[in-house]
Amino acid sequence: MISGGGERGRLLALWGALMALLLVVVALAAPWLAPYDPLKAVADSFGAPFAPAPPYLLGTDELGRDVFSRIVFGARISLTVALTATLLTLLIGVTVGVCAGYFGNWVDVVLMRLTDVVLSFPALLLAIALAALFPPGLESILVVIALVSWTGVARTVRAEVMSLREREFIAAARVLGVPPLRLIARHVLPNVLPTIIVMGALSTCNTVLLDAGLSYLGLGVPVPIPSWGRMISDSQMYYRVAPWLMIFPGLAIAYTVVAFNFIGYGLLALTGRRHGGS
Amino acid sequence: MVRHGTAMIAFLQRLGWSLVILIGVTFLTFVLAFVIPSDPARTVAGPKADPQTLASIRHELGLDQPVPLQYAWYLERLVRGDFGRSYVTGQSVLTAILERLPATAYLALTSLAAATFLGIGLGCCTAVRQGSAIDVAALLGSLVGLSIPIFWLGLVLLYVFAYRLRLLPLGGYGGPHVILPASALALGNAAYYARLVHTNLIAVLDADYIRTARAKGLPRWRIYGKHALRNALIPVVTLLGLDFAALMSGVVLTETVFNWPGLGRLAVDAVFNQDIPMIMGTVLFSALLVVVVNMLVDILYLIIDPRMRYARG
C-alpha cells in the first residue's frame, strides 16, 4: 500500500507505537489521571451540560459527569474489547490460514470457500444478526467481533504459508518425517509471525471501529463505564446543544485507529509486504 | 478460437464458484436462524406467539423433520421469494426489503461515485508528485481518513453543515438530503482508493511500455490518461466488488445517523424490535447482493483485462 520504502515505514510504525503506548498508559493510569469520578455527577448542571472550560476540561454531560474522566476510563473498556477481540480474530484467522495453506487440497478448498462465504456478509450486518442471537455481554461482543473479522487474516496467512511450504527447509523437515503439528509449530509459525503481527495491528483498527459501530447501535458491552462508541450514542440527542459530548469520544476512537493503522501500514512498508484480503 | 474458449471456461468457473458461495451463504443463514436457536419456531413467530401458532409453524416449516430436509425446504422457500414474515408488522420480509432497496441503492451509489472520483483524482495527483510534501500529506491524510468512524463523521457533518451553517437539510430523503450521508460514507473509501490508485500508478509508471510511450514522445497527458491510468485502475475495479460488503456495513451506520429509510435502518430497527426473521432476511439479502455484485465485477474484470483470459483459463 505504501511506497516510499523502509525509512518512511519505520517512522510511521514508530509514531504509531508511541501513540498506542500513550493510550495504554492512559488506560492503566486512569484512576490517577482522571480528575473526577466518571460515574458521579460532579457539576450541578442537570439538563444543561457545561461546555468545555476549566475545571471541566472537556465539559460535562447531561447528568453533570466530567467528560474527560469518562473518556480516560473509557480507554480501559475500549482497549480491552479491541485487544481481546483482535487476539480471538488472530486465533481463528491464523488457524484457518495455516491449515488451508499447509494441508492444501480439499482442506484448502473447503476453508477458503468458507472464508468467501463469511466475506460475503457485510461484517456489521452479520455482527448485528449474531448479537441478536447471543445473550448480551462482554464475552458475546468479543466472540461476535472475532467471528466476523477473521477472514482477512486467514487469506493473508494462507498465502504466506503456501509459499513457505515450497521452501527447502520445510520440505526437508517433511521428508525427515517431522509430524505436521510439530512442523507447523516449529517451522511454519515462526516464519509467518511478522505477517501475523502486521495483520494484528490492522485487525485492531477493524475491531475498534466494529466495536464502536456496534456500541453506537446499542449492541455494545452493557457496563456502567461506557465505551467511547456508547458515549457517542448516548449523547446523540444532545448533539446540537452539546456537540462536545460526541466530538471528544469520536476523536478518541479516531486516535486509537490512527495509532494502529500507523503501526500496521508502517510495518507493511518496512517489510515490503503487501496484504491480501480485506 | 483458443482465446475465446479459455475465456468461456474462466467465465463458467467464476459462475460455478459464485453458485457454491451462494449456497454457502444460504446455509450459514439457515444455521443461524434454525439450528442454533433452541426453539426456532419461537424465533420465527416472536416471543408472544401462542402454543397453537407455534405448533402450526413447526409443522409448516418442517421443524420436526431432520435438519438436511429442513434446509432443502428452506432453500425451496427462498427460491419462491419467501424470506419469512416480520412478527412485528406481519409484512413479508422480502417485500419490506424491496421497498427499502431504492433508498439504499441511491445512497450507496452516490457515495461510491463520489469516492471513486475523489480517490482516482487524489491518487493521480499524489502519484505524479511522488516524494513531495503533497505526497506525504496525502499518505497521512488517507490513513487518518481510514480511521474515522463513519457514524461520528456523520454526526459532525450534521452539526457543522446542517445545524451551524444551515447549508444543507438536517434529515430526510431525496435530492439535496443525500449530500451529507453520501459524504460521510464516501470519505473512508475515497482515502482507500486514493492510496490504491497511487500505489498502482507508481508501479505502472515504472513499466517498460510507459518508457516506450515516453520515448515515442507522446504528450504527458496521453501517457498518464491513456496508458498508465487504464492499467492502474484494473485492480481498483476488483476492489469495488470486494468492498461492496464493507460499503453495506457503512450504509447501516450512515442510514441510522441520518434516518435514511433504507435497508440498514430496516435491519437496525429489526434488532430493536427483536424481529429475528427481518434481521435474518436483511442479512441474507445483503450477502446475496454482495455475491452477485462480486460475480459481475469478476466478469467485468475478464472483459477489461485481456491478460486474465490466459491467466485463469
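1. A:Asp66 sits in the loop between α2 (30–33) and α3 of chain A; helices here (H or I, at least four residues) and strands (E, at least two) are DSSP runs, numbered from the N terminus. The model is predicted, so local features need pLDDT of at least 70 and side-chain atom pairs count only at pLDDT 80 or more, while totals for chains, interfaces and linings use all residues. Residues are numbered from 1 along each chain as its sequence is written, and chains are lettered from A and ligands numbered from 1 in the order in which they are written.

2. Is A:Asp66 buried or exposed? A:Asp66 is buried, because 25 other C-beta atoms lie within 10 Å. The label buried requires 20 or more other C-beta atoms within 10 Å of the residue's own, exposed means 12 or fewer, and partly exposed falls in between, with C-beta atoms placed from the backbone. Not counting residues up to four places away in sequence, A:Asp66 touches A:Pro35, A:Tyr36, A:Val42, A:Tyr56 and A:Thr60; a contact means C-beta atoms, placed from the backbone, within 7 Å. A:Leu181 is 115 residues from A:Asp66 along the chain, and their C-alpha atoms are separated by 53 Å.

3. Chain A has eleven helices and zero strands. Its C-alpha atoms fill a box of roughly 75 × 45 × 30 Å along the principal axes. Of its 278 residues, 52% count as buried. Among contacts in chain A with a separation of 6 or more, 73% are between residues 24 or more positions apart.

4. Chain B has 14 helices and zero strands. The box for its C-alpha atoms, again taken along the principal axes, is roughly 80 × 65 × 30 Å. Buried residues account for 39% of the 313 residues in chain B. In chain B, 71% of the contacts between residues at least 6 apart in sequence join residues at least 24 apart.

5. On confidence, the predictor gives the complex an ipTM of 0.88 and a pTM of 0.87. Chain B averages a pLDDT of 82, and 94% of its residues score at least 70; pLDDT is the predictor's confidence in each residue, from 0 to 100. Which helix of chain B has the lowest confidence? That is α14 (residues 306–311) of chain B, with a mean of 57, whereas confidence is highest in α12 (residues 263–272) of chain B, at 90. Where pLDDT is low, the predicted coordinates should not be read in detail.

6. The contact between the chains takes 41 residues from chain A and 45 residues from chain B. On the chain A side, α4 (105–120), α5 (123–133), α9 (180–216) and α11 (244–271) each supply at least two residues. The largest share of that side, ten residues, comes from α11(A). By class, the side of chain A that touches chain B has 31 nonpolar, seven polar and three charged residues. In this scheme Ala, Val, Leu, Ile, Met, Phe, Trp, Tyr, Cys and Pro count as nonpolar, Asp, Glu, Lys and Arg as charged, and the others, Gly among them, as polar.

7. The largest nonpolar core has 165 residues; such a core is a set of buried Ala, Val, Leu, Ile, Met, Phe, Trp, Tyr and Cys residues joined through C-beta atoms within 7 Å. The residues with the most contacts inside this core are A:Leu125, A:Ala127, A:Ile128, A:Ala129 and B:Ile279. The largest share of the core, 19 residues, comes from α11(A). Leaving aside neighbours within four places in sequence, A:Ala129 is in contact with B:Leu32, B:Ile279, B:Met280 and B:Val283.

8. In chain A, the axes of α3 (residues 67–103) and α4 come within 7 Å and cross at roughly 145°. Axes are lines fitted to C-alpha atoms, for helices over the stretch in contact, and angles run from 0 to 180 degrees between N-to-C directions. The residues in contact are A:Val96, A:Cys99, A:Ala100 and A:Phe103 of α3(A) with A:Asn105, A:Val107, A:Asp108, A:Leu111, A:Met112 and A:Thr115 of α4(A). They divide into seven nonpolar, two polar and one charged.

9. In chain B, α11 (residues 244–258) and α13 (residues 276–304) pack at about 145°, with their axes 9 Å apart. B:Phe244, B:Ala245 and B:Met248 of α11(B) meet B:Ser286, B:Val290, B:Val293 and B:Asn294 of α13(B). This contact has five nonpolar, two polar and no charged residues.

How values were computed
Two residues are in contact if their C-beta atoms, placed from the backbone, lie within 7 Å.
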